[in-house]
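Work through the exercises below with the sequence and the model in view. Each task is followed by a solution in steps.

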Amino acid sequence: MSRILDKTGVLGTVVSGLSCAMCFPALASIGAAVGLGFLSRWQGFFVHILIPVFLVIALLANSLGWFAHHQWQRSLLGGIGPVIALFGDQGMVQHFLPVEMARILFYAGLVFMVIIAIWDMVSPAHKRCPVPSEDNKSPG
């Protein structure tokens, strides 16, 4: 379930970014090229609501992945991208960062999220079994 939520968060964030020409011109040019230019009229909704929601979904999915697999390194790497992208998005919306710095952070977070999502599909996480205690050892 956490893998599906993670991919949903990544895909939703990227598609939302593709629709915002004013905020993310590099992504918007790709979005217009693939036919997503009609989404530009809902730009404010995407930037203020959908992008943060999808970033939080991706962050929660990676956090839940730790409970399923007990691999803190994977969860930490999976959580870095959404945090960076969320910081960049909110820096642009709340104006506590210069716009160019906020865009760089947002793009860096997106690229990191996509790389980690591809890595997770190529090399999925497997649950690490805990070390058996003395009480649970089989006779042998």
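**Exercise 1. A tyrosine and its surroundings**

In which helix is the place of Y107? Then classify Y107 by its accessibility and find how far it is from V14 in sequence and in space.

Solution. The model is a predicted one.
- Step 1: Y107 belongs to helix 5.
- Step 2: The relative accessibility of Y107 is 21%. Buried means under 20% and exposed means over 50%, with partly exposed in between, so Y107 counts as partly exposed.
- Step 3: Along the sequence, Y107 and V14 are 93 residues apart. In space their C-alpha atoms are 9.7 Å apart.

**Exercise 2. The elements of the chain**

State how many helices and strands the chain has, the order of its elements, and what percentage of its residues count as buried.

Solution. 
- Step 1: There are 5 helices and 0 strands in the chain.
- Step 2: Read from the N terminus on, the order is α-α-α-α-α.
- Step 3: The chain has 140 residues, and 39% of them count as buried.

**Exercise 3. How two helices pack**

Describe the packing of helix 4 and helix 5 by angle and axis distance, and then by handedness.

Solution. 
- Step 1: A pair of packed helices is described by the angle between the axes and the distance between them.
- Step 2: For helix 4 and helix 5 (residues 99-122), the angle is about 155° and the axes are 7 Å apart.
- Step 3: Angles over 145 degrees count as roughly antiparallel, and helix 4 and helix 5 are therefore roughly antiparallel to each other.
- Step 4: The crossing of helix 4 and helix 5 is left-handed.

**Exercise 4. A loop residue**

Where is the place of H95, and is H95 buried or exposed?

Solution. 
- Step 1: H95 sits in the loop between helix 4 and helix 5.
- Step 2: With 63% relative accessibility, H95 counts as exposed.
- Step 3: The phi angle of H95 is near 60°, which is a positive value in a residue other than glycine.

**Exercise 5. The salt bridge**

How many salt bridges does a search of the whole structure find? Identify the side chains that meet in a salt bridge with E100.

Solution. 
- Step 1: The search of the whole structure gives 1 salt bridge.
- Step 2: Side chains of opposite charge can pair when their charged atoms come close.
- Step 3: The side chain of R103 meets that of E100, at 3.1 Å from N to O.
- Step 4: R103 and E100 are 3 residues apart in helix 5, so about one helical turn separates them.
- Step 5: R103 counts as buried, because its relative accessibility is 16%.

**Exercise 6. A nonpolar patch**

Which residues form the nonpolar patch on the surface, and which helix gives the largest share of it?

Solution. 
- Step 1: The patch is formed by L5, L64, W66, F67, W72, L76, L77, I80 and W119, with about 850 Å² of accessible area together.
- Step 2: Helix 3 (43-69) and helix 4 (72-94) each supply at least two residues of the patch.
- Step 3: The largest share, 4 residues, comes from helix 4.
- Step 4: W66 lies in helix 3 and, at 33% relative accessibility, counts as partly exposed.

Key:
Residues numbered from 1 in each chain as written. Predicted model: local features only at pLDDT ≥ 70, side-chain atom pairs only at ≥ 80, totals over all residues. Heavy atoms only, no water. Patch = residues over 30% accessible without salt bridge, like charges linked within 9 Å, V, L, I, M, F, W, Y side chains within 5 Å. Areas by Shrake-Rupley, 256 points an atom, 1.4 Å probe, with all protein chains shown as cover. Salt bridge = Lys/Arg side-chain N within 4 Å of Asp/Glu carboxyl O. Buried < 20%, exposed > 50% of the residue type's maximum accessible area, 1.4 Å probe, protein only. Axes fitted to C-alpha atoms, helices over the stretch in contact; angles between N-to-C directions. Parallel < 35°, antiparallel > 145°, perpendicular 65-115°, else oblique. Left-handed = near helix turned anticlockwise from the far one by under 90°.
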